[in-house]
Structure formats: structure tokens, C-alpha cells
Amino acid sequence: MYYLGVDVGSVSTNLVLLDKNNSVVEKIYIRTKGSPIKAVQEGFKILRDKYDNIKVYGAGATGSGRHIAATLIGADAVKNEITSHAVAALEIDREVKTIIEIGGQDSKIIILRNGVVSDFAMNTVCAAGTGSFLDRQAERLDIPIEEFGDYALNSNIAVRIAGRCAVFAESDMIHKQQLGYNKADIIKGLCDALVRNYLNNVGKGKEILPKVFFQGGVAANKGIKTAFERALGFEVIVPKDYNVMGAIGAAILGREIAEKEGKTNFKGLDLASSIFESNSFECTDCSNRCEVVKLHENNRSIGCFGDRCGKWSNRVKAI
Amino acid sequence: MIVGIPKGLLYYKYYPFFMTFFKELGLEVVISPDTNKGILDEGVKYCVDDACLPLKIFHGHVAVLKDKCDIILIPRIMQVRNREYICPKFCGLPEMIQNSIPQMPRIIDKPIYAGTRKKLYSWAKDIGRLITKDKSKIKRAFNFALIEQDKYKPGYNDNNQGLTVALVGHPYNIFDKYINKNIVQKLNKLGVGVITEEFIEETLIDEEVKGLYKRPFWTFARNSYGFAANVYREKRVNGIIYISSFACGIDSVVIELIKERIGNFPFMTLKIDEHTGEAGLDTRVEAFVDMLGRGVI
Ligand code: SF4
Ligand code: SF4
């Protein structure tokens, strides 16, 4: 018995396969590159090649592209990222009280009390501190992103970097480099600055209590993890599957719904060889002029997206 | 003569008054269409960059309306309640428009003090005189207009669903479905009913506001704070959603006041500007509803 979760974000598309104990059997990470359909199919190809004859008993979709992904795969559950991340964390540990999630392009904080989400905040505007920003700085300093965090651990004195905004942080770093500070100290300073920025923006007014889980791609960065620990004064836990927690949550939610309904809508891994085509048109039925995207699987239309009124997205679903 | 009324800002609250008044005076009234992408684009093009979204949208409405009328109403609403004021941006609205949008028709920009009937009548007399010499006709138009305004009861009061939220914010953010991306419909679909400040009696709002260390200077602040505090205290709702304009000074103060008052009660702010994406807003709304429903399925 397997359950599948798909998390389609703007930077990456993650797939996970869970077994009957909700343990991760497989995780796949693909760059979305603006094409969620291709990314999901690519992931399905890998799964199909490796797990030819398995049966999936439930599937869920999450992430900003969750609706398109859900139509594509026949998901049983379609859930927002907040709930999915919370479900995945609680599956590991019911005692979690705070989730810090920093992904490729956004960051969130989720406050849990007694196993229930009690508050959350998201930041999708400011790039400072997200994965893309760190990638860029690593590149600029000519350090592989995997080693970026370790550099910070080698420093004893942090250089103070202005972290309130990505543009300022970058120019401040360049300035500090020109003054001759070494890379390790600058990186440590940057980690501290980004953590400060996170706590003052996304985390503003939130009561951050342990246990804290640190999830999302950026959790791989040890420099950021220890900067959080310094700022908070207690341990921050990075769960084993930190980078696919959204997909895990989606898989669990998909499983729950499929079990409740006694069946799954999942269309199977063969989807990998379907031909998907999407075309878009401007609806002129009212002044909103929505750009509606129509999705076809093997020449059969399976869904529409992008309409504000729901007249297109509802219509196809009914077929 | 054709008078144009832009469908923006406090139009949503007071259009029966203005529309009836001008119609009764014998004018033809044209109104801009519901906000849409074209109107937003026009607004962004003309309006100063750092203004809030509702102001930009108002500019857009003026831009699409200006060639369809001989005279256009740019309501310089100063006051709708005694000893309180409207956002300072309203005071300078006609100047903003005239400096930003070329080839404007004649505009009606006389300050409107609607704190008392008498003050409002003095506005009506002055404007009426531009159109007719018949004083009794003006008086009649004014009376009719007030009657129509009284009959008009905007707002939502739906607590027949599984969950109920209070939707707080300036009237245009609540009633312009383009600005708020149809949030009421979205919530309804998720099984959530919506109530708005119009359905809490003024006296109850006043009661809550008394608890503040200082009487609010702005009517918007008074309404939003009083409404939120009341639904919280009387447990009328499961949560509160505040729709806020990016770069609005009043909102930033009121949100802090509300948060201080309601402590841990479920509260979410949706900050909206022209860059707000629908997907991000959906995620927030859905996650909030999940949370209220003690949502981990
Ligand atoms: S899809 Fe709906 S909201 Fe969009 S333009 Fe067509 S009718 Fe209007
Ligand atoms: S009150 Fe706020 S949202 Fe309204 S016009 Fe003034 S600044 Fe804009």
C-alpha cells in the first residue's frame, strides 16, 4: 500500500511515496522551471521506472500549483501549503509548537498548539532569506550552496549585515568584502541577518515556543539553523525529510480522504506517458477578461484554470 | 447635462444619495462599470505610484468615465460623523485627480461634511445651484436622496453556515469584489458565512471604542476597531479577517489596536495591492478556514 504526495511550488516540484506507516519510501525533487505539468510528469516517469507494479491507494496535491497538479494526477485531497506542512510535522511529533518553513521563494511560520494550527503568516514579497537569494549569494561568493552553511560554522565573529531587504543585504555584503572581511565571517553575518529579518517580519508578534521544526529547502543550511538557535536560545529541529514536508502532508491528507471515501481518484503512474497540452484563451464574457488555461490529456480536456468566476473550471469538472 | 459618478471609494456606501440627488435634479447619471483589469491598469497608469490600491482604482474609474459625462463627481468627503474625519487622502482627491489625469471635464469637488443633515444640506444647496435656480427642487431632491440612502442596507450578515468570520476593513475593500478577489464567495464555498460592520449597531460600536485610551480621529478606525472588538467580546464569530490596503496609514494603526484587544483570537490580515496574486490569497484564506475548523481534517 502506497500513498503519493505532490507539492508543486514555483521553484521546485516535490513528489513523495509513503508506505502504509506513512514513512517515506521515495522522494523526488524536480525544478519546476515554469512548467508544472512537465515537472509532475518527469517525476512520474522516475516513479514508474522504479516502482513498476505498485498500487497507490491515495494521492494528495499541495503548493501554489496544487489545482493543476490535482487535476493532472486525480488527487483525493487538494490542500494549501500551511495545512500540509502542519500535518506532516505533526505526523512526526505531536509536540511541535512552531514550524519555520523557508523555501525557494517564500517563507512561512506556523504556530501549533495542542496539535492544531492556531496562527500562521506567510511572506511571498521579500526575497531576503529565501532559497533563491541564498543560491545567488553562494554563486557570487563562489561557494557551492551545499557548503555555504558550513562556512558560517567556521566563523567566530559575525560581520553585521543589513538584512532587511535582499538588495541592501547584497550590496552590504559586497561592501564588507571590499573592506577585507573573510568569507566565513560575512556568511555568518548574512545568516544572522536573514534570521533577524525572518523573525521581525514573518515571525512578528508570534510566540515561538519549542519544539521548533525547521522545514523547507533552506533548512539544509546549517548556518541558518544555528543562527536561529542563537536567536531563539533553544534547539531547532530539522526533520529528516525537511525538504519534502509539504508533499508528505499532502500524501497523508490524500490517504485520509481516500480511506474515508473507500476509493481513490488517482489516475495511476501511467500518466507519465500521457500527452498533455494546455492552451489559453481570453474569456470575453465579462470585463474581467480572465486568461483561462485549458488542459488536455490525450486530446481530451480535463480541466480549466484561471477564471475568476468558476464558470470554466466548474464546467469541465462536471464532464 | 450628464453627471458621472466613479464607482470607487465610498461609492459603495453612499451611491443612493448621490445618484438620487442628481437624478431628481433632472440630470442624466452615468456610472463607471464594476472594477476590472482595464480600470485597474488605467488607474495604475495615472495615479501616483505610492498611493494605496483603492485610490489607484478610483483614478481608473475616473479615467474611463471622463469622456462620457459633462461634469464628474469627485467627492471630497471630509466627514461622515461629527468630530471624526475620513482619511486625509480624501481631502486632496480632486487635486490628485486633476494633476494626474489630463483633459478632465468639469468636476464637483466641494468638500462634503456629512456629520449633520444641516451641513450636508449646505453642500447640496451649493451643488444644486449649479444646475437649477429652483430652490424647492433642490430641497426635494435632497430629501429624496436621504430617503433612498436610508433604505440602502449594504453589508453581509450570514451566520447560517458551519463557521462565521467577521470581514473588517474600509467599505471599498469589503465591497469591491475586484479588490478583494471575491473573498465572500470564496469563504461561502468553504462553508463560511460572513458578517460585516453594518450589522452591528452603532451604539455597540461606540461602547467598544470607549475602551480606547483616546477617541479615534478617523471614522474608518472607529468602525473597524469597534466592530472587531464587539464580535470578539460577544463571540459572534469564529475568526476575524481584516482586508487592508498596502500603504494605508489608518490600517496599520487599527490592526495593531485590534490585535492588542483580541489577544489570541483567530485573526488574519490580508494586505492587498495591485501585485497581490489570487493564488497566494486563496492559500491564506483556505489555511485560515482549516485552522478555524480545527482544521487538521
Ligand atoms: S472567466 Fe468568468 S470572470 Fe473571467 S472573464 Fe470570463 S466570465 Fe468573466
Ligand atoms: S483610508 Fe487607507 S485605503 Fe482608504 S484611501 Fe486612505 S490610505 Fe487609501
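Reader: How many residue pairs are in polar contact between chain B and chain A?

Author: The model is predicted, so local features need pLDDT of at least 70 and side-chain atom pairs count only at pLDDT 80 or more, while totals for chains, interfaces and linings use all residues. A polar contact is a pair of N or O atoms within 3.5 Å; within protein, one must be able to donate a hydrogen and the other to accept it, and residues adjacent in sequence count only if both atoms are side-chain atoms. With both residues at pLDDT 80 or more, the count between chain B and chain A is 6 residue pairs.

Reader: Which element gives the largest share of the side of chain B that touches chain A?

Author: Elements are DSSP runs numbered from the N terminus: helices (H or I, at least four residues) and strands (E, at least two). Two or more residues come from each of strand 10 (267-272) and helix 13 (278-292) of chain B. The largest share, 9 residues, is given by helix 13 of chain B.

Reader: How many residues of chain A are in contact with chain B?

Author: Contact means heavy atoms within 4.5 Å. On the chain B side, 24 residues take part, and on the chain A side the number is 26.

Reader: How far apart are the closest N and O atoms of A:Lys204 and B:Glu256?

Author: A salt bridge requires a side-chain nitrogen of Lys or Arg within 4 Å of a carboxyl oxygen of Asp or Glu. Chain B and chain A have 3 salt bridges between them. A:Lys204 forms one with B:Glu256, and the closest N and O atoms are separated by 3.8 Å.

Notes: Residues numbered from 1 in each chain as written. Chains lettered and ligands numbered in written order. Heavy atoms only, no water.
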